[in-house]
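Have the 3D view open and follow along.

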Amino acid sequence: MSSTKDLLLFDHPVSSYAQKIRIALREKNLPFRSEIPVGGGIQSSPEFVETNPRREVPVLINGSDAIFDSTIILEYLEDLHPSPPLLPPASDPGARARGRMIEDVADTIYEAVNWVWGEVLWSGRAGDDEERNLLRKHIATQVCDQTEQLYTWFEDKLGEYDFFGGSHGFGYADLALIALVHRSIYYGFPPANGSKLMAWYDRCAARESVRVTLREFDENVAGMFKLKGFYRDGSGFRRQYRDHRMEAMVKLGGWEILRDGIRHENVKFSWPGQLGKQLGKL
Ligand SMILES: N[C@@H](CCC(=O)N[C@@H](CS)C(=O)NCC(=O)O)C(=O)O
């Protein structure tokens, strides 16, 4: 078994997927160093590029083990360092499955809704002229509405417990969701004051692992507005539009944003292939 002496996390402090791993490593008291593998949108670390064909963060390097995908990294950490556990014990398979399901809804559906608003807010892809301002308002309404629907669903799953792990306490579902709720609050779409979800947020944020991780988000989030320049300065930067995120962009009303991104070649799709070769120009 590998030791955990020299863990390297390729990530970004504003990535909700990466925040899951930062919280898990801190919960398990595993020291790590982190590196952002991109500069100006260009992948700068050959080790990162070799490791993950999808070129997404997070990636965890532990000796000869190079693991991508936040869910797989969580499972890896649980195998490698089971204590303290972040998943209920095997003797309670229902609770384990519930934790994983909530993590999955957070990672796929909620994250995608959040990401759409990031694309609008940080990249300025909607909002330059009157017509686009209407689009921006329309997407804002949709994001707000869907976030509220997600809050209702999550609150129902929380029930009367302190954490989503139920009687097993803080775990996978909590750490996946807390980064996303923190981002929604930053966006101006918080859970209702006095709601069970807001109380859960405060409870999570009081944990050292979460507090430090959310502070790192707060300290770095202003840098996201640089995205606007990257799209327009001819640097060739492309934002990845993929699966749930791309579906959410279209579903929430941003089909034109996707179309223009393809036209101006400042979006890309998942590996393998390049945008131009995949689709041509619309
Ligand atoms: N399913 C992956 C998703 C990771 C992901 O989408 N990461 C984003 C950052 S939040 C990324 O690196 N995107 C690459 C890009 O935008 O080029 C996971 O759970 O780790």
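Start with Lys 268: an N or O atom in its side chain is 3.1 Å from an oxygen atom of the ligand. That counts as a polar contact, meaning a pair of N or O atoms within 3.5 Å (inside the protein, one must be able to donate a hydrogen and the other to accept it, and sequence neighbours count only if both atoms are side-chain atoms). Arg 242 has a side-chain N or O atom 2.3 Å from a ligand oxygen, and for Ser 70 the distance from a polar side-chain atom to a ligand oxygen is 2.6 Å. On its own the ligand has 510 Å² of accessible area, and the protein covers 84% of that (Shrake-Rupley, 1.4 Å probe).

A word on ground rules: this is a predicted model, so local features need pLDDT of at least 70 and side-chain atom pairs count only at pLDDT 80 or more, while totals for chains, interfaces and linings use all residues. Residues are numbered from 1 along each chain as its sequence is written, and side-chain values use heavy atoms, with hydrogens and water left out.

Who else is around the ligand? There are 13 residues in that shell, and Glu 56, Val 57, Asp 69, Ser 70 and Arg 242 come nearest (a heavy atom within 4 Å makes a residue count as near). The shell splits into three nonpolar, three polar and seven charged residues; here Ala, Val, Leu, Ile, Met, Phe, Trp, Tyr, Cys and Pro are nonpolar, Asp, Glu, Lys and Arg charged, and the others, Gly among them, polar.

Now zoom out: the ligand sits in the largest pocket, with more than half of its atoms within 2 Å of the pocket's grid points. A pocket here is an open set of points on a 1 Å grid over the protein atoms alone, where a 1.4 Å probe fits, with protein on both sides within 12 Å along at least five of seven lines; lining residues have an atom within 4 Å of a point. This pocket holds about 1,100 Å³ of space. Its lining has 49 residues, and His 12, Ser 15, Val 57, Arg 239 and Arg 245 are the closest to its centre. H4 gives the most to that lining, with eight residues.

Finally, some backbone details. Asp 69, one of the residues nearest the ligand, lies in the loop between strand E6 (65–68) and H3 and has a positive phi, near 85°. The bond from Ser 83 to Pro 84 is cis, with Pro 84 in the loop between H3 and H4. Another cis peptide bond joins Trp 271 and Pro 272. Helices (H or I, at least four residues) and strands (E, at least two) are DSSP runs, numbered from the N terminus.

Conventions: Grid points are joined across faces, edges and corners, and a volume is the space filled by probe spheres set on the points.
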